Amino acid sequence: MLPQKYRWMLLLGASYYFYMSWKPEYALLLLIATLTNYCCSILLFNSHKSALRKMYLFIGIVGSIGLLFFFKYFNFLNNSLGHFFQSLSIEFTSLELQVLLPIGISFFTFQTLGYTIDVYRGKRTPERHFGIFALYVSFFPQLVAGPIERAKNLLPQFRQYFEFSYSRAGDGLKLMLWGFFKKIVIADSIAIVVDQIYNNVEVYSGTPLIFATVLFAFQIFCDFSGYSDIAIGAAKIMGFTLMDNFRRPYFARSVVDFWRRWHISLSTWFRDYLYIPLGGNRVPVPRWYLNLVIVFLVAGLWHGANWTFVIWGGLHGMYLVGYYVTAKVRKNLTGMFGLDRFPLVLAGIQIGTTFILVDFGWIFFRANSLSDAVYIVTHLFTGFGNGLETTWLGMSWTGIMIAVCAIVAMEIVHLIQEKNMSLQLLSMRPVWVRWSVYLSLILVILLFGVFERPFIYFQF
Amino acid sequence: MKITDDMKLFARRIVGFGLVLFVVFGLLNIGYYHLILSNTVLERSYSDFLEHRENIRILFMGDSHPKRDINPALINYSFNLADVGESYIQTYHKLSTVLNDPLVDLYTVVLPLDLHSFSSMRTDRIKNEWYWDRFIQYDEVFSQDTNRSIFDSVVWRFKSWFPIISKGQELIEYAFVRRESSELVKGYIISYDNYSMSSDKSIWAFFRAQSQLEDSEIMDPILVEYFKKCLILCTEQNLHIILIKYPISEHYYTAVHQFIPNLSLINDTIETIITEFPGVIMLDYQDFFFGRDDVFMDTDHLNKKGADLFTSLIRNDFKNITTICDLI
């Protein structure tokens with residue numbers, strides 16, 4: 001209802017209010033990241049000397065990465081150095097900073113970083129309107145957990161004339177509803193079982209560990225993609241199109257395919273701003289493999305200041321290297337067993353193998369410590385005699401069955417989407433059919449939802 | 001910006017859909033109350049209490065420990081009005097409501113004093129808002145805790161009006177599992193389970209202690225404050241107060257030590273509080289059934305056999321208390 005020219009003010013105010021409702025003083029960090037990259041991008045754009053341009057780029061990068069390092073990695077580095085020197089029997093006094101990790105810092109720093117690098121590469125002109133730029137950095141639907149937006153996609157939209165569209169608003173609401181279903185009904189209910197087991201790993205072995213690890217694969221997907229759906233849906237209602245962040249990742253046929261479907265905004269960010277600058281695949285093969293591993297190690301570290309995340313990233317890097325190294329062997333095997341004549345069987349094997357590999361990686365992602373992860377890996381296939389007593393799972397069998405049914409329902413919807421039989425089929429149905437479906441989904445959320453759990457990716 | 005036809009259509013559809021949702025959800029809620037909630041232990045216990053309140057002189061209050069451990073059928077003029085998961089905040093408000101009832105004529109109130117009684121885990125865990133709505137003054141509770149926001153208050157009220165929220169599992173179990181409803185005797189829940197038959201008792205005890213004590217403040221000041229308020233309330237009404245440390249299994253006692261290394265902190269604080277109330281009597285049965293897992297239904301609640309034994313025991317001990325001996 002607000003005139004177009006004032007729209008950015010309302011959105012910027014709302015975005016800062018949203019961020020400040022958690023810890024008001026941390027809005028200053030958002031402002032620092034905004035100011036640094038705003039100034040640096042204009043200065044480097046205006047300078048013609050290469051050295052000066054590089055200096056401004058450096059300041060922009062240090063401004064963003066510095067914030068991230070101070071709040072997220074300082075203690076990690078200190079503790080790691082402490083352990084390292086301790087193992088060499090060298091005295092090292094580590095300094096522990098007592099600061100809370102600002103919510104969404106990894107997301108908005110990467111967004112600003114990408115923008116400044118784009119300006120440096122001449123891919124875009126800097127945004128001169130400080131308010132619009134500040135809104136680009138802080139746009140509330142995607143501020144705290146992405147998608148990590150690109151300037152070329154989001155910035156022009158803040159200047160576009162907005163006309164309310166019934167179908168667009170409806171689609172946004174439906175997407176939000178689907179996101180709430182994934183988050184509240186699936187992710188938060190299975191989190192009870194996953195937390196119970198992963199927070200007390202030493203009590204369990206065999207089946208419960210496998211069970212919790214499989215459940216976690218769905219928890220992390222539903223939690224994160226649920227947030228993305230809500231963010232994209234909310235933006236859609238307001239007339240903005242955010243980039244897709246997930247495309248049914250557990251239907252991936254290889255780990256390479258998985259990364260084309262999982263956290264797309266982050267994987268494409270790393271591709272454009274780290275993998276390609278490192279040389280990508282246009283380098284000798286050993287260097288290419290090294291590039292892959294480096295990118296995934298950094299991606300792992302991006303997720304959290306803990307060696308478990310580094311290993312998770314390294315593992316995915318190795319998966320990718322393994323994928324390319326074994327390409328010929330796999331092709332020969334497929335031919336030898338005649339699997340290419342049974343595409344469904346082949347797809348099933350590929351999807352299943354990819355899921356197992358990815359799920360194995362999730363052990364390191366979820367484990368509370370490296371020693372917990374090692375315990376889980378070494379006890380996955382031991383002690384199968386120990387049953388799944390529900391008192392030990394933190395949830396009754398009925399609750400678990402409900403969660404499993406919800407997962408199956410979600411995957412059926414994904415299967416329909418995968419086959420391109422999109423949910424637009426629903427839009428063509430009479431109003432009473434559509435309303436019944438929406439009503440059922442809302443009732444399922446209200447009746448089976450577990451409320452009051454934060455999103456996992458908020459911590460990153 | 002001009003109001004377009006699209007906007008009008010969207011508004012009409014949203015309002016229409018909202019109304020349909022409200023009606024369907026409201027009907028489900030009413031059905032849930034009549035089919036399930038009216039038959040819960042909470043509701044049945046309280047109805048039973050209201051029916052017999054004129055003849056009750058000794059009232060057992062508190063959480064699942066008294067609820068599972070005291071069989072009032074063995075003590076004359078007594079009733080078990082404890083509820084599972086009840087904190088001192090809830091006990092205080094329930095007691096206030098009960099004592100305001102002109103038909104109630106109590107002599108003695110028996111409160112629990114267990115290792116987890118003051119754990120902050122309890123402070124924010126008031127469930128079954130639909131039931132507690134009749135006792136609790138939410139505004140007063142909120143004023144005690146600066147961490148609570150106006151949003152929490154709205155959520156509480158919303159949940160008390162629509163208790164069906166998050167209760168889908170109960171509906172499914174009601175429709176398909178058909179569990180027998182708990183057997184109640186003057187508010188006491190009977191259980192025939194036998195903890196001694198369980199495997200891995202120590203792990204079970206660890207999880208139980210963990211759920212009650214991990215990441216919690218062991219002596220939450222808010223609960224200490226409400227405990228004192230309960231004592232003051234009873235003192236003002238000239239009621240005798242008996243505090244009971246309920247029996248727990250040895251496994252549970254060992255597990256608790258992992259979360260409360262310094263048990264004397266609890267005991268010292270309690271001692272200090274009790275000295276302010278001279279007439280208060282404390283009875284300690286915590287280790288009374290150590291090594292007797294057959295009398296427990298789980299790590300820290302008694303089964304029927306244990307409850308009968310324990311109630312007989314405290315009945316005898318009550319006989320030595322001059323102020324209430326004539327009643328027993």
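## Parallel strand pairing in chain B

In this predicted model, B:V110 has B:I242 of strand 6 of chain B as its bridge partner. That bridge belongs to a pairing in which strand 3 (residues 108-112) and strand 6 (residues 240-245) of chain B run in the parallel sense over five bridges.

Strand 6 of chain B also pairs with strand 7 (residues 281-284) of chain B, again in the parallel sense, and here the pairing extends over four bridges. Within this second pairing, B:I244 finds its bridge partner in B:L283 of strand 7 of chain B.

## Overall form of chain A

Chain A contains 20 helices and zero strands. Its radius of gyration is 24 Å, close to the 23 Å that the globule rule gives for 460 residues, so chain A is as compact as a globular protein of that length. Taken along the principal axes, the C-alpha atoms of chain A fill a box of roughly 70 × 70 × 50 Å.

## Two domains of chain A

Chain A is divided into domain 1, covering residues 4-158, and domain 2, covering residues 167-459, and the C-alpha centres of these two domains of chain A lie 27 Å apart. The contact between them draws 20 residues from domain 1 of chain A and 21 residues from domain 2 of chain A.

On the domain 1 side of this contact, the elements of chain A that give two or more residues are helix 3 (50-87), helix 4 (105-120) and helix 6 (140-143). Sorted by class, the residues on that side of domain 1 of chain A comprise 11 nonpolar, seven polar and two charged.

## Helix 8 of chain A

Helix 8 of chain A has 33 residues and reaches 45 Å from its first C-alpha to its last, which is close to the 48 Å expected at 1.5 Å a residue.

## Contact between chains A and B

Across the interface between the chains, 22 residues of chain A are in contact with 24 residues of chain B. On the chain A side, at least two residues each are supplied by helix 8 (166-198), helix 17 (390-393), helix 18 (397-418) and helix 20 (431-448) of chain A, and the largest share, seven residues, comes from helix 20 of chain A. The residues on the side of chain A that touches chain B divide into 17 nonpolar and five polar, with no charged residue among them.

Technical notes:
Residues are numbered from 1 along each chain as its sequence is written. Chains are lettered from A and ligands numbered from 1 in the order in which they are written. This is a predicted model: local features need pLDDT of at least 70, side-chain atom pairs count only at pLDDT 80 or more; totals for chains, interfaces and linings use all residues. Two residues are in contact if their C-beta atoms, placed from the backbone, lie within 7 Å. Ala, Val, Leu, Ile, Met, Phe, Trp, Tyr, Cys and Pro count as nonpolar, Asp, Glu, Lys and Arg as charged, and the others, Gly among them, as polar. Domain bounds come from an automatic or database domain assignment. The expected span of a helix is 1.5 Å times one less than its number of residues. Two strands pair if DSSP finds at least two bridges between them. The radius of gyration is taken over C-alpha atoms; the globule rule is 2.2 Å times the number of residues to the power 0.38.
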